[in-house]
Amino acid sequence: MEKTKLTTFMNYRNILQSILSLVICVLLVMAVSIRRDGKIMGYDLQAKKHVVNGNVGDTLRVLEDGATIVNTTELAKDIVGYGGIVPLEISLKEGKVVKIDALKNSETPAFFQKASELLTVWNGKDIDEAQRMTVDVVSGATLSSNAIIGNVQRGLSYASMKNTKSSMLDKFELSAKSIVGLLVALMAAVLPLIIKNRRYRMFQQILNVVVLGFWCGTFLNYTSIINYMSNGMNLLTLLVPVVMLITAFVYPLLGKKSYYCTNVCPFGALQELSGKCVRYKIKMKPATVKRLDRLRQLLWAFLMIMLWTGAWFDWIDYEPFSAFIIQSASWVVIVIAVVFVALSTVIIRPYCRFVCPTGSLLKFSQFSRKIIHK
């Protein structure tokens, strides 16, 4: 009887410890978001209250030459791109669009530069004509493109005094890519729990790499996690990342530690698949593995200090995950990714085990002892 009570007490303590670790992890990321962006979940901690006296931040203001400026910051705060909201200023004169300027946002610069090609397509069109236009997204920058298009539509609706609000269905991303991506993410989140089969595991990993990685370009990394903390998430348009976040942060509370890294992460899957190409594996002594793991922890601590102090925010842009988005990935990131994929042929998942800062963050959020079974 006493042993049963002790076991129950230990299990409750471990669960509380897991929850506490997750809370501390959230606070760590929150601190970085405040330090870098001055925002939490879309709330700008540095923003001043707007008044209706023609200030720059007003939703609608009229210039001395008769031009009208529509600011979509408040109008479209539910429309997000890859990194958060994508506010625009739409300049109108005599009922026509003169120009559209992008305001400060948290999009990845390379993606947004591609998507910015859209900013001129409405120029010279009258408001009604501009509202009726069907604009295609820019390949390689789908989320940023959709955010720009959504902001323009919302701003033009406001300018025409229609104040049209999108329906719930309009907020869903119903492209083939998003539907297939969601299906694959759900498969990765559920089926490995009930199917313990090597062939299926390989099939799922191929799907993770091809669909989630190369086709959808969706994964968890420091950039995405900090952006979600800073800008919030539109759950209806970011369903795949939501599934990933659940497997990364909620599953461990249910006893499924490292589930995201093992079963969902596209780069982890790519390393494991590469390892199947070569039978020979470098055998490392337990002491060597332990030292490399300690080095990973020290690296993570150093990089977190760089974020908290603001000394080096840009390191998050060099995680190899974005190499899946080849059109906009830097050559440095592609080289890093290729090197670790090559190493994975002779060393089991080297980036995951000995380097990955995102994986270290997830491990920190999962810290607890094992559940004791009665």
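Contact in this report means heavy atoms within 4.5 Å.

## Basis of the report

The structure is a predicted model, in which local features need pLDDT of at least 70 and side-chain atom pairs count only at pLDDT 80 or more, while totals for chains, interfaces and linings use all residues. Residues are numbered from 1 along each chain as its sequence is written, and side-chain values use heavy atoms, with hydrogens and water left out.

Leaving aside its neighbours within four places in sequence, Ile148 is in contact with Val86, Leu88, Phe112, Ala115, Ser116, Leu118, Leu119 and Trp122. A nonpolar core is a set of buried Ala, Val, Leu, Ile, Met, Phe, Trp, Tyr and Cys residues joined through side-chain atoms within 4.5 Å. Here, buried means under 20% relative accessible area, exposed means over 50%, and partly exposed lies in between (1.4 Å probe, protein chains only).

The largest nonpolar core holds 89 residues, of which Trp122, Ile148, Tyr222, Tyr260, Phe267 and Leu307 touch the most other members. Helix α8 gives the most to this core, with six residues. Helices (H or I, at least four residues) and strands (E, at least two) are DSSP runs, numbered from the N terminus.

Tyr12, Ile15, Leu16, Ile19, Val23, Leu27, Ile246, Val250, Leu253 and Leu254 make a nonpolar surface patch of about 920 Å². The elements that give two or more residues to the patch are α1 (2-37) and α8 (239-250), and α1 gives the most, with six residues. Patches are made of residues with over 30% relative accessible area and no salt bridge; like charges are joined within 9 Å, and nonpolar side chains (Val, Leu, Ile, Met, Phe, Trp, Tyr) within 5 Å. Accessible areas come from the Shrake-Rupley method with a 1.4 Å probe, and for residues only the protein chains shown count as cover.

Ile19 lies in helix α1. Ile19 counts as partly exposed because its relative accessibility is 39%.

## The covered helix α14

Helix α14 (residues 357-365) is mostly covered, with seven of its nine residues buried. Among the buried residues is Ser365, which counts as buried because its relative accessibility is 4%. Leaving aside its neighbours within four places in sequence, Ser365 is in contact with Ser18, Ser21, Leu22, Cys25 and Phe249.

## Salt bridges

Side chains of opposite charge can pair when their charged atoms come close. A salt bridge is a side-chain nitrogen of Lys or Arg within 4 Å of a carboxyl oxygen of Asp or Glu, and by this rule the count comes to seven. Glu89 and Arg61 form one of them, at 3.1 Å from N to O. This pair links distant parts of the chain, with Glu89 in strand β5 (residues 88-93) and Arg61 in strand β3 (residues 60-62), 28 residues apart. Both Glu89 and Arg61 are buried.

The side chains of Arg296 and Asp293 also meet in a salt bridge (2.6 Å, N to O). Both residues lie in helix α11 (residues 286-309), three residues apart, about one turn of the helix. Arg296 is buried at 6% relative accessibility, whereas Asp293 is partly exposed at 26%.

## Cysteines without disulfides

A disulfide is a pair of cysteine sulfur atoms within 2.5 Å, and a search of the whole structure finds zero disulfides. The sulfur of Cys352 is 5.8 Å from the closest cysteine sulfur, in Cys265, which is too far for a bond. Cys352 counts as buried, at 19% relative accessibility.
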